[in-house]
Amino acid sequence: MDEIFNLSQIKENLSSEELKKGSFGIEWECLRVNENGELSLSPHPEIFGNKLTNPYITTDFSESQIEIITPAFDTIDEAFSFFSFMADLVNSSLLDDEYLWFQSLPCILPESSKIPIAKYKGRGLGEESMEYRRGLAKKYGLKKQLISGIHFNFSFKEDLIQKLYANLIEDKGNVSYKEFKDNLYLKISRNYIRYVWLIIYLTGCSVAVHDSFTLECRKLMNHRDDRGSVYSDRGPSFRNASCGYKNLEHLYPSYNSIKEFTRDIQSFIDEGHLSQAKELYTQIRLKPKDPSNLLESLNDDGIKYLEIRTLDINPFYKCGLIKNDMNFLHLFMIYLLAKEESDYEKWQEEALYNEEKTAEYGYDAKLMLIKDGQNISLKDWALDILDEMDMVAKTLCLENQSVIELMRLKIINPYLTYGKRLSRLIEKEGFIESQMRLSRNNKLRSKYLVEETDLLNDERFRDYVPIALQGVGK
């Protein structure tokens, strides 16, 4: 049914204003470190209150790993503004000798037994969360659990999908609205997996690790900074490389339908490959209405939104993310909906190969990826995709050509990418030293904005402050 999701059908039925709107959210996992760049072993800051009830500031795997979660907003501008504010609030609320670590790969780590798993009070959900984390620690190792990143949550507006359904599906009895909506997001997901290597190249910024991290990752690096760390100038994102946090086995569920997808995930659980459905680590996740009952909710309610999990933390900005990259991702989602799909059978295996090769060797001008079984240079393929995106943007009257041009320049000149900028910085200053300087600078910026510009009383955010800082006065 996905052939109806094409550029001409989208142009005929939707306006540019309808396409610009959606539902946008951001999640950010980030380690806390001391002034020496060592993992902070202190408990989750009391100022943020109960990590189970605070909807905006919680922990991920570790007590030392803060997670910021935004609500869903109608525009990227609103989502990014809230996210930037929340990052400032968190950074400025930390103790004077504690900082956020603006890197996806970890800081200086203690021995594994000293890494604190997130603790939750009370029975029920808290106990289940701790037990799940203990299982992950045993299976994947505690150090890999500290790999962090940024997730971009996206969905189209419901009335947009309903309009497409009303105009494109003649026999409503044959295709339900739920099935239509699921197929729309499944097509985007399939294409995202195929082309995620491009996002890794353009946004990757994890090119170094300290000697306290895993040998598996260290051995992929080709330079040493002589200060206890190794780094690479060959690829943009070792978080997304073969040494990243991935399932121990390559698992390829069907994305043909929700029924087939959930069937395959259940079989992975039954066969012992996964402990729960949420343990499937993919570059894009199908998110249901009820995440606590993932497979049943997907079957009953369908896909609510998509979670893009590829983005590295960007140390060059105070919230680890640049709005331009969100704008590009939004346009990328529209492009993936319009993009004609390949019928190549081994597309998931091929996608994983391209993903890891780009992450580890993306800056090699001679790097060849595989497209439908045939070799193609990363540069040529990337430029072709950006040309197609430009055509889609112009056809749909989307004003995003400037961001496409910026990405095109990064393909032509890798030294404009975040990863290359970071590797040059590490070459001059060392990994831990350069990242701590950036962390200190980002904290100073956040503290200035919160304390000197009356940001807490900004009418856009002030109602959220008591909820985020629910531990104040307790």
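A salt bridge is taken here as a side-chain nitrogen of Lys or Arg within 4 Å of a carboxyl oxygen of Asp or Glu. The structure is a predicted model, in which local features need pLDDT of at least 70, side-chain atom pairs count only at pLDDT 80 or more, and totals for chains, interfaces and linings use all residues. Residues are numbered from 1 along each chain as its sequence is written, and side-chain values use heavy atoms, with hydrogens and water left out.

The side chains of Glu158 and Lys181 meet in a salt bridge, at 3.1 Å from N to O. This pair links distant parts of the chain: Glu158 is in helix 6 and Lys181 in helix 7, 23 residues apart. Helices (H or I, at least four residues) and strands (E, at least two) are DSSP runs, numbered from the N terminus. Glu158 is partly exposed, with a relative accessible area of 32%. Lys181 counts as buried, at 12% relative accessibility. Buried means under 20% relative accessible area, exposed over 50%, and partly exposed in between (1.4 Å probe, protein chains only).

By the salt-bridge rule, the count comes to 28. Among these is the bridge of Asp77 with Lys323, whose closest N and O atoms are 3.0 Å apart. Asp77 lies in helix 3 (residues 76–93) and Lys323 in helix 11 (residues 323–338), so the pair ties together parts that are 246 residues apart in sequence. Asp77 is partly exposed, with a relative accessible area of 46%. Lys323 is also partly exposed, at 31%. A further salt bridge joins Glu356 and Lys246, again with the closest N and O atoms 3.0 Å apart. Glu356 is in helix 12 (residues 347–361), Lys246 in the loop between strand 8 (229–231) and helix 9 (258–270), and 110 residues separate the two. Glu356 counts as buried at 16% relative accessibility. Lys246 counts as buried at 18%. Arg190, Arg194 and Glu341 are linked in a network of salt bridges.

Helix 6 spans residues 158–168, and its buried residues are Leu160, Ile161, Leu164, Tyr165 and Leu168. Seen down the axis of helix 6, these buried residues fall within an arc of 135°, so they line one face of the helix. The arc is that of the directions from the helix axis to the C-beta atoms. What covers the buried residues of helix 6 includes helix 1 (7–13), helix 2 (16–20) and helix 7 (177–203). Contact here means heavy atoms within 4.5 Å. Tyr165 also takes part in a cluster, in which ring pairs link Phe5, Tyr165, Tyr177 and Phe180.

Aromatic pairs were searched for across the whole structure, and 26 were found. The rings of Phe24 and Phe152 have their centres 6.3 Å apart and their planes at 25°, so the pair is stacked. Phe24 is in strand 1 (residues 23–34) and Phe152 in strand 5 (residues 150–155), 128 residues apart. Phe24 and Phe152 are both buried. Tyr56 and Tyr464 form an edge-to-face pair, 5.6 Å centre to centre with 75° between the planes. Tyr56 lies in the loop between strand 1 and strand 2 (57–59) and Tyr464 in the loop between helix 16 (431–452) and helix 17 (465–468), so the pair ties together parts that are 408 residues apart in sequence. Tyr56 is buried, with a relative accessible area of 11%. Tyr464 counts as partly exposed, at 23%. Rings of Phe, Tyr and Trp (its six-membered ring) pair if their centres lie within 6.5 Å; planes under 30 degrees apart count as stacked, over 60 as edge-to-face and the rest as tilted.

Leu406, Leu409, Ile412 and Leu416 make a nonpolar surface patch of about 320 Å². Patches are made of residues with over 30% relative accessible area and no salt bridge; like charges are joined within 9 Å, nonpolar side chains (Val, Leu, Ile, Met, Phe, Trp, Tyr) within 5 Å. Accessible areas come from the Shrake-Rupley method with a 1.4 Å probe, and for residues only the protein chains shown count as cover. Leu409 is in helix 14 (residues 401–412). Leu409 counts as partly exposed, at 39% relative accessibility.

Asp226 has a positive phi of about 65° although it is not a glycine. Asp226 is found in the loop between strand 7 (223–224) and strand 8, and counts as exposed at 70% relative accessibility. Asp372, likewise not a glycine, has a positive phi of about 50°. The loop between strand 11 (368–371) and strand 12 (374–377) holds Asp372, which is partly exposed at 35% relative accessibility.
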